[in-house]
Amino acid sequence: MELTWVAAGSALVVGLGYVSVRAAHRLRPVCWLVLCASLFALATRDLFRPRERGHPASGANEAASESPTDQRRTADGRRTELISWLRRRVADWLG
């Protein structure tokens, strides 16, 4: 008998949690919380990577053949692509 109540209560709690999360996603503070958490995760993601990990083998050959100016241009191009992608993503979140 108790197992039935536990299963029914668990199903009810999961259902109510799902509905509340779906409804809360539309609230502006929740959008800001997700945005801030995402930016924090992006800012600190390198802190949790091991320092021993090197560059990929195919990228090492390309890096050796490019001049420092070409590498800087490539990095700047990737950075502008990332910034434009982040701006589009943030605009989608904030509506």
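Buried here means under 20% relative accessible area. Keep that cut-off in hand for the views below, which come from a predicted model.

View 1. The protein has four helices and zero strands. Reading from the N terminus, the elements go α-α-α-α.

**View 2. Helix H1 covers residues 2-24.** From first C-alpha to last, H1 reaches 32 Å, close to the 33 Å expected for its 23 residues at 1.5 Å a residue. The number of buried residues in H1 is zero, so this helix lies largely in the open. H1 also has the highest mean pLDDT among the elements, at 85.

**View 3. Helix H2 covers residues 28-44.** H2 has 17 residues and reaches 24 Å between its first and last C-alpha, close to the 24 Å expected. Zoom in on Cys 31, Leu 35 and Thr 44, which are buried. As a reminder, an α-helix has 3.6 residues a turn, so residues three or four places apart point the same way.

**View 4. Helix H3 (residues 57-65) calls for some caution.** H3 has the lowest mean pLDDT among the elements, at 53. Where pLDDT is low, the predicted coordinates should not be read in detail. For the protein as a whole, the mean pLDDT is 75, and 65% of the residues reach 70 or more.

Definitions and conventions:
Residues numbered from 1 in each chain as written. Predicted model: local features only at pLDDT ≥ 70, side-chain atom pairs only at ≥ 80, totals over all residues. Heavy atoms only, no water. Helix = DSSP H or I, 4+ residues; strand = E, 2+ residues; numbered from the N terminus. Expected span 1.5 Å × (residues − 1). Buried < 20%, exposed > 50% of the residue type's maximum accessible area, 1.4 Å probe, protein only. pLDDT = per-residue confidence, 0-100.
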